[in-house]
Amino acid sequence: MAAPVIEVDGLARTFRSRKGLFRRPGKEIEAVKGVSFTVERGELFGLLGPNGAGKTTTIKMLITLLLPTAGRAQVLGHDVVADARDLRRKVGYVFGGDRGLYERLSGLDNLRYFAELYGVPPRESKQRVAELLDLVGLTGREKERVEGYSRGMRQRLHIARGLLHRPEVLFLDEPSIGIDPVGARELRATVKNLVETGTTVLLTTHYMFEADELCDRIAVIAQGRIVALDTPHDLKQQVTTGTVLEIEVFGLPDGLVEKVRAEQDVQSVMVDVRGQAEVLAVHARPGTDVTQTVMRHLDGSRFGRVITREPTLEDAYIELVNAA
Ligand SMILES: Nc1ncnc2c1ncn2[C@@H]1O[C@H](COP(=O)(O)OP(=O)(O)OP(=O)(O)O)[C@@H](O)[C@H]1O
């Protein structure tokens with residue numbers, strides 16, 4: 001079997017902040033506490049986790065922008081510390097947000113400029129830029145100035161920039177941050193395209209829907225540790241096998257959540273505010289139906305929509321992160 005593209009073994013990073021004029025050592029933050037995983041060639045691997053979980057720190061160590069404090073990692077057979085220089089040339093990365101492009105230049109001129117900067121041979125540059133514009137769906141808009149591009153278009157241009165030197169692996173850190181749903185859908189199509197053309201992708205995201213649709217496997221990371229690693233399908237199975245009852249309630253009575261939570265067949269209860277209503281999401285234990293039980297508690301309350309649904313990746317994720 002071919003060697004994995006990314007091999008991470010017990011990777012850790014601690015930040016030591018320094019305080020005051022004499023830069024005395026302050027507190028230590030263990031951002032990444034020993035993570036291990038592998039990513040196979042052609043795979044789209046997701047790192048999913050709450051703010052501050054250690055996703056960006058992990059990526060930065062893998063692209064040689066940060067030194068690990070413990071553990072080791074190899075990307076494309078290169079050690080991230082010992083072979084940093086060779087490795088850097090072979091990976092591509094794109095961080096979320098839309099800075100770093102030349103606003104007054106067209107998308108095409110931006111790519112031409114970066115191609116030169118990255119040492120793409122002039123003979124190849126024209127064709128490479130055209131291929132990439134096509135891959136990210138910007139053909140036809142390439143002569144317009146970037147200042148008129150939407151956030152989604154800018155992000156796709158960033159991806160094209162990150163691919164100019166034909167990296168075999170691309171790191172995408174929260175690519176869809178701040179992008180509207182239509183733009184995000186186009187971006188997902190771009191990422192799928194990319195994987196179909198043979199690039200291995202490691203992606204971080206906060207959007208469950210995106211992770212569920214795109215990723216072959218997902219590592220859920222919380223407080224610097226991997227708390228689950230599986231396919232989206234198996235992650236959903238692994239955690240909550242029971243159904244979820246969702247009820248829209250107008251004016252949730254005091255103490256009701258606690259009473260529902262205490263019921264034997266109830267695994268967990270979450271409340272989400274949506275407009276005027278509060279939505280009660282009750283996770284039943286596998287093989288049980290809690291509808292009657294919950295409705296009894298709601299007797300006398302005003303409620304709207306009642307639905308029963310299968311658990312989503314988001315439900316699995318929330319349970320995993322809460323249990324961490
Ligand atoms: N240069 C640094 N110096 C000190 N602490 C840092 C530094 N970079 C990150 N941290 C801390 O390390 C922890 C992990 O941060 P990291 O950016 O990796 O999280 P993340 O999972 O990418 O979060 P987000 O989803 O918000 O981007 C956080 O507590 C953060 O404050």
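Helix H3 (residues 107–117) packs against helix H5 (residues 151–163) at an angle of about 25 degrees, and their axes lie 10 Å apart; axes are lines fitted to C-alpha atoms over the stretch in contact, with angles running from 0 to 180 degrees between N-to-C directions, and helices are DSSP runs of H or I with at least four residues, numbered from the N terminus. The model is predicted, so that local features need pLDDT of at least 70 and side-chain atom pairs count only at pLDDT 80 or more, while totals for chains, interfaces and linings use all residues. Residues are numbered from 1 along each chain as its sequence is written, and side-chain values use heavy atoms, with hydrogens and water left out.

H3 and H5 are therefore roughly parallel to each other, a term applied to angles under 35 degrees. Their contact (heavy atoms within 4.5 Å) is made by Gly 107, Asn 110, Leu 111 and Phe 114 of H3 together with Leu 157, Ala 160 and Arg 161 of H5.

Around the ligand there are 13 residues, of which Gly 52, Gly 54, Lys 55, Thr 56 and Thr 57 come nearest; a residue is counted if one of its heavy atoms lies within 4 Å. Polar side-chain atoms lie 2.8 Å from a ligand oxygen atom in the case of Lys 55, 2.7 Å in that of Thr 56 and 3.3 Å in that of Glu 174.

Arg 309 is placed in strand S14 (residues 302–309), strands being DSSP runs of E with at least two residues. Its side chain is joined to that of Glu 246 by a polar contact of 2.9 Å, that is, a pair of N or O atoms within 3.5 Å, one able to donate a hydrogen and the other to accept it.

Methods. Parallel < 35°, antiparallel > 145°, perpendicular 65-115°, else oblique.
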